[in-house]
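Here is a short briefing on one protein chain. Please look over the sequence and the model before reading on.

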Amino acid sequence: MPATPDSQPSIARHYHERTKYDPDTIAAKSQPLDWNQQPVPFKDYKLGTSVDLKPYLTDEFDPTDATHQAWRRLSRLFLCSYGLTVKMVTMSGEPIYFRSAPSAGGLYPAELYLISRGTPLLPAGLYNYQPRSHSLLHFWDSEVWSGLQDACLWHSALQQTQMALVTTAVFFRSAWRYQARAYRRIFLDTGHLLGNIELACALNDYRPHLIGGFVDEAVNQLMYLNSDEEGATAVIPLADLLDVQQNLPIAATALPSKTHSDYPKISEGDLLGYLHQATQIHPEPAPPIKRVLIGPSRPVQPEPIAPPAEPVPDKYNFPFCLKVSTVSEAIQWGDRLADLETTMLKRRSTRAYSGADLTLDELRALLDFTYQPQHYIDQSFDRQPDYFDLSLIETFVAVSGVDGLEEGCYYYAPNAEELRQIRFKNFRRELHYLCLGQDLGRDAAAVVFHTADLERAIARYGDRVYRYLHMDAGHLGQRLNLGAIRLGLGVSGIAGFFDDSVNEVLGIPADEAVLYITTLGRPK
């Protein structure tokens with residue numbers, strides 16, 4: 001709820017305001033990087049059994065061998081979700097690795113785990129995905145599934161499934177470079193990974209069921225995480241679509257946390273950690289969750305605040321504005337989505353644009369692939385992939401060079417499938433400034449902005465919504481990434497920008513907090 005004169009804003013709102021980039025203060029807040037403390041973006045275990053996934057990447061196998069086929073599906077799922085795609089060597093001889101999911105600064109704060117209930121492939125226990133060796137490290141071999149169910153408040157997706165992915169964040173990997181603002185980037189990067197997991201599952205006959213509402217410390221303890229350094233961010237049960245019993249109905253993904261407006265003065269160095277603690281769900285959930293018991297001790301999933309069943313009306317419908325349909329032919333991804341896998345593995349963030357125009361049909365196709373998944377059911381995509389709550393996300397597009405579309409800023413109305421013009425201007429110079437002087441903003445043909453009304457979002461889900469918003473924005477951004485690469489276009493996400501200036505320059509309503517920017521254009 002909005003702060004009154006006698007109260008503070010919620011901790012999520014406070015964090016957002018404190019971590020805004022401002023042209024008058026950004027230089028003073030910047031700190032030199034301590035290269036002696038540069039984090040390693042991989043996790044090592046001293047003990048455990050390695051399960052090699054590399055042999056199953058080859059196409060040379062007997063298609064009637066069900067065991068090999070099952071391993072192949074799992075191997076390709078991890079490769080496309082978070083596998084290494086390129087190794088480069090710096091002038092100092094140090095290797096740099098790039099992965100199938102993008103990450104701000106190449107820091108890769110996310111870790112990816114698998115929990116097995118006990119399957120013919122994987123004994124019960126905990127596994128960490130090791131990208132450098134493309135293997136699973138089995139570091140705990142006890143039955144832990146019931147503990148996961150408890151931690152996830154007996155979410156229905158865990159009743160029939162046999163495996164679940166868990167994403168976590170190693171906070172210092174991003175905070176080393178981006179200080180307090182790193183929390184935003186961590187969850188945008190996690191959203192990129194969730195976008196990859198969604199599509200990699202479509203390639204390999206799994207259906208991921210996203211769970212964002214869980215007792216944080218219970219999951220952290222289950223995974224043997226040091227919660228001061230690493231915390232769980234999402235749990236994703238995997239329904240095997242080749243097993244009829246695992247074809248599950250869609251369930252709610254998000255639960256609220258408390259809203260904290262009573263907090264002390266927080267130093268800059270403690271801001272990220274304080275927000276993460278404040279956005280946790282604790283064993284006794286806060287209202288409006290209703291806890292229901294079956295028998296003497298087993299709780300079912302609390303009653304969530306679910307997104308509306310029907311589409312929420314498009315938020316902005318400006319009178320007398322130019323309206324341009326975005327109805328498009330679906331992007332074709334080839335037989336069994338083979339082109340999608342190739343695209344996921346060759347994806348790179350564009351470093352420079354030529355400044356040349358896109359076509360209106362290209363922009364339409366990108367918006368269609370990103371926001372209209374129901375158009376892709378014939379290509380084996382999930383027509384309703386899991387997000388936390390897309391009704392809270394708004395999209396604006398600044399058009400500088402799209403052949404067939406007037407320059408200016410547009411609101412994208414996903415239900416009406418149209419762009420609605422709200423400002424009439426070429427914004428190249430302003431976009432260059434807004435994006436902290438990055439040429440990507442100036443030379444892009446179109447720049448997509450994801451925003452959210454923070455007060456409305458916090459009123460719905462409490463402070464935890466700050467995680468949900470950024471993961472959903474990153475998920476949408478990853479679909480834009482892959483769609484653009486498939487069309488031979490350039491694409492690059494930007495999480496560093498002058499927050500308030502975006503609203504002022506583009507005419508975006510002041511109550512829309514800018515979450516993420518994706519630039520689109522022709523690569524140089």
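**Charge, fold and aromatic pairs**

The chain has 48 positive side chains (Lys and Arg) and 63 negative ones (Asp and Glu), with His and the chain ends not counted. The centres of the two sets lie 3 Å apart, each charge being placed at NZ of Lys, CZ of Arg, CG of Asp or CD of Glu. This is a predicted model: local features need pLDDT of at least 70, side-chain atom pairs count only at pLDDT 80 or more, and totals for chains, interfaces and linings use all residues. Residues are numbered from 1 along each chain as its sequence is written, and side-chain values use heavy atoms, leaving out hydrogens and water.

Fold

- Contacts (heavy atoms within 4.5 Å) between residues at least 6 apart in sequence join residues at least 24 apart in 77% of cases.

Aromatic pairs

- The structure holds 24 aromatic pairs (Phe, Tyr or six-membered Trp rings with centres within 6.5 Å; planes under 30 degrees apart are stacked, over 60 edge-to-face, the rest tilted).
- The ring centres of Phe 42 and Tyr 97 are 5.5 Å apart and their planes are at 85 degrees, so this pair is edge-to-face.
- Phe 42 is buried at 12% relative accessibility, whereas Tyr 97 is partly exposed at 22%.
- Tyr 376 and Phe 381 also pair edge-to-face, at 5.7 Å between centres and 75 degrees between planes. Both residues are buried.
- Tyr 15, Tyr 183, Phe 187 and Tyr 466 form one aromatic cluster.

Note on methods. Buried means under 20% relative accessible area, exposed over 50%, partly exposed in between (1.4 Å probe, protein chains only).
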